[in-house]
Amino acid sequence: MQVTVKLGSVLRDRAPGFVGGEGVVELPDDQEARVADVMATLGISSDEVNVIYLNHVFAAPSAAVQEGDRIALFPPNFIHFSQFYLRRTGE
Amino acid sequence: MRKLLRVNVEDGTAVFETLPQEFDLLGGRALTSTIVSREVDAKCDPLGPANKIVFAPGVLGGTSAPNSGRLSVGCKSPLTGGIKEANSGGQAAGRLGRLGIAAIVVEGDPGDKKWILHVSAEGAQLEDGAAYWGMSNYDCAAALRKAYGPNAATIQVGPAGEYGMLNSSVACTDPAGNPSRHAGRGGVGAVMGARGLKAIVLDDVGTKTRVPSEPERFEKARKTLVQGLKTHPVTSEGLTDFGTAILVNIINEAGGLPTHNFHYGRFEQAEAISGETVHQNCEERGGKRRHACMTGCVIHCSNVYNDKEGKYVSSGLEYETIWALGANCDNADIEAIAQMDRLCDDLGLDTIEMGDTFGVAMEGGLLPWGDAGRMIALFEEIRHNTELGRKIGNGTGHCARSLGVTHVPTVKNQGIPAYDPRAVKGIGATYATSTMGADHTAGYAVAPNILKVGGDVHPLQAEGQCTLSQNLQEATAGFFDSMGLCVFLAFACLDQPDSLAAIPEMASALYGVEMSVADVIAQGAKVLEIERDFNTRAGMTREDDRLPSFFHTEELPPHNTIWDVPDGELDQVCGWSPVVELG
């Protein structure tokens, strides 16, 4: 299963092969995948990520992902209002 | 004891008055809005002789409080027809505070006279400014430094303000002397220009940082806030390393980046104009990151952007500017955006209003979508005050009407900023109900947990947005716009109750009074009440507290949502009585 991942600022160091912070991540087909699995594949721990968008919707690491999804990961130093008053999908 | 400086451009006088006792604890927006509300006829022509322009540092201006150098500029707005407070960073507010000035009120009919107001520890006087009239902001700032010495910090208008254009800013110089900090919104530059006042020169030689009534108490609170700012990841790393432009990618991923004049919520070429790209270009070209726009800033969110040859182009390439002149116009050329940012600063134009104007101009066929070269050329029309220049220099609403465009992103005739209200509905409620017209800073501070807004509010749902917005607007008016503090302090104060409490504690120690967090929020609510009263007297009705109709009918991809916050809830925020259906 393939998903597209967009990384913000300092997280880009984890995927030097990405262009403009964006690339494709391959996940095993034989299991239910979550955003956390995508993060693990890139070696990114949960405390390194503050804001997650799954197909443009604010999401939690536990949100399920499917073939072709777009996942954007941003670190804690990001300014954004979403973390303070948005409900995350997957929780 | 702080003073009020009353400047009459008709008879050429500048007189210090004792600040009325009831104004003792007022600063920034609270003071400008109170003075405008009392002294300016709400029905007056904003560019006529009855309007006044008021400049005020915040309550904490001129103290050693971090990031306390925001300057409030107040008047009746020629763009919205309502009350206006636009604020700016730069050096001016700190200077005014140290000079013991709570506010400068400029009034009178100048006739043909052009003035420079010179203020120093020795006093204040109006001087002949004819030689500076007609200069662009960068030339004017350099000429004033040459004439008044390197210590001169200035507040000035560019050509757009001189021409009385409804999109015109008031510029303040930064620590390097560049006029790159602007009270941008609402056409405040035209009001200053209509007073014949080209610039205010502030010299603080011989002055000192304000001494609090209770110095030890003040210092303790100040240290608490500084420590909070230096340890919070947003104010010590994110804003510091990447600036506000970091929002381009995140708002784009959230599906709320207005694109192609608010037709789409995503810009496919966002990466080319992102904070990461700006960051990389700054690194490679000897530009500067971690740049402070005012003395006493501990966040350093600004940058200095150089061209490919390493030559200075502009300072403070902000998210909203990049969005306005970029995504909203289908323009992915970051070099052209930087160049236009410089042109806006130089001519004295608000970048948000300019980007919204280009959006409707492209929709109306005045220029092709994404044509950065043509956009840059149009700035020269403004510089020379041509008919075409006036068409785009008078703001989004004016340009749209002249071209017959009906897809017009404005509230109270002021261009909507960089977050689409159909994807981020809390901000939409702020756009609709702010006394200022569409203004993201009026209710952006995001302190819902502190303000005890219960539970989560999903951005795509209508419920709860108005309560959220109202609380944010009151907190912003109280904590930041009236204290003279940078709104970015909110990110730390949100997570750190001690940092938030340090703000009223500093004000308490400064004046030897007892002020609480609740008092500051109540002050913010009072400011909004004064402003709403002015707007009502100016002729605004509940229909002015609405978003344009296309937001109600056109779905915004990728979420395919519309604006559906009920009018009745907006009315509650604004204090309008409920509509009773008859029959």
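Predicted model: local features only at pLDDT ≥ 70, side-chain atom pairs only at ≥ 80, totals over all residues.
Colleague: Which residue takes a positive phi in the hairpin of S1(B) and S2(B)?

Modeller: That hairpin has four residues between the strands. The phi in question is near 75°. The residue is Gly12(B).

Colleague: How far apart in space are Ser72(B) and Leu494(B), C-alpha to C-alpha?

Modeller: Along the sequence, 422 residues separate Ser72(B) and Leu494(B). In space, the C-alpha to C-alpha distance is 23 Å.

Colleague: Now the open sheet of six strands in chain B: which are its edge strands?

Modeller: The strand order is S8-S7-S12-S9-S10-S11 (chain B), and the pairing is mixed. On average, neighbouring strands of this sheet are turned by 20° against each other, direction ignored. An edge strand here pairs on one side only, and the two that do so are strand S8 (123-128) and strand S11 (181-183) of chain B.

Colleague: Which residue in S11(B) stands opposite Ala171(B)?

Modeller: Strand S10 (residues 170-172) of chain B runs antiparallel to S11(B), with three bridges between them. The residue of S11(B) opposite Ala171(B) is His182(B).

Colleague: Which helix of chain B lies across strand S7 (115-120), strand S9 (153-157), S10 and strand S12 (197-202)?

Modeller: The helix spans residues 137-148 and runs at about 140° to S9(B). Its name is H3 of chain B.

Colleague: Let's turn to helix packing. How are H1(B) and H20(B) oriented to each other, roughly parallel or roughly antiparallel?

Modeller: Helix H1 (residues 28-39) and helix H20 (residues 517-537) of chain B have axes 10 Å apart, at an angle of about 30°. The crossing of H1(B) and H20(B) is left-handed. Angles under 35 degrees count as roughly parallel, so the orientation of H1(B) and H20(B) is roughly parallel.

Colleague: How many charged residues are there in the contact of H1(B) with H20(B)?

Modeller: From H1(B), the contact includes Arg29(B), Ala30(B) and Val36(B), while H20(B) supplies residues including Val527(B), Glu531(B) and Asp533(B). The residues of this contact comprise five nonpolar, four polar and, for the charged class, three.

Colleague: And H17(B) with H22(B): left-handed or right-handed crossing?

Modeller: The axes of helix H17 (residues 465-481) and helix H22 (residues 567-574) of chain B come within 9 Å and cross at roughly 20°. H17(B) and H22(B) are therefore roughly parallel to each other. The crossing is right-handed.

Colleague: Which residues of H17(B) make that contact with H22(B)?

Modeller: The contact residues divide into three nonpolar, three polar and one charged. On the H22(B) side stand Glu569(B), Leu570(B), Gln572(B) and Val573(B). From H17(B) come Cys466(B), Ser469(B) and Gln470(B).

Colleague: Finally, what share of the residues in chain A is buried?

Modeller: Chain A has two helices and five strands, in the order β-β-α-β-β-β-α from the N terminus. Of the 91 residues in chain A, the buried share is 43%.

Note on methods
Residues numbered from 1 in each chain as written. Chains lettered and ligands numbered in written order. Axes fitted to C-alpha atoms, helices over the stretch in contact; angles between N-to-C directions. Parallel < 35°, antiparallel > 145°, perpendicular 65-115°, else oblique. Left-handed = near helix turned anticlockwise from the far one by under 90°. Contact = placed C-beta atoms within 7 Å. Nonpolar A, V, L, I, M, F, W, Y, C, P; charged D, E, K, R; others polar. Pairing = 2+ DSSP bridges. Buried ≥ 20, exposed ≤ 12 C-beta atoms within 10 Å, placed from the backbone.
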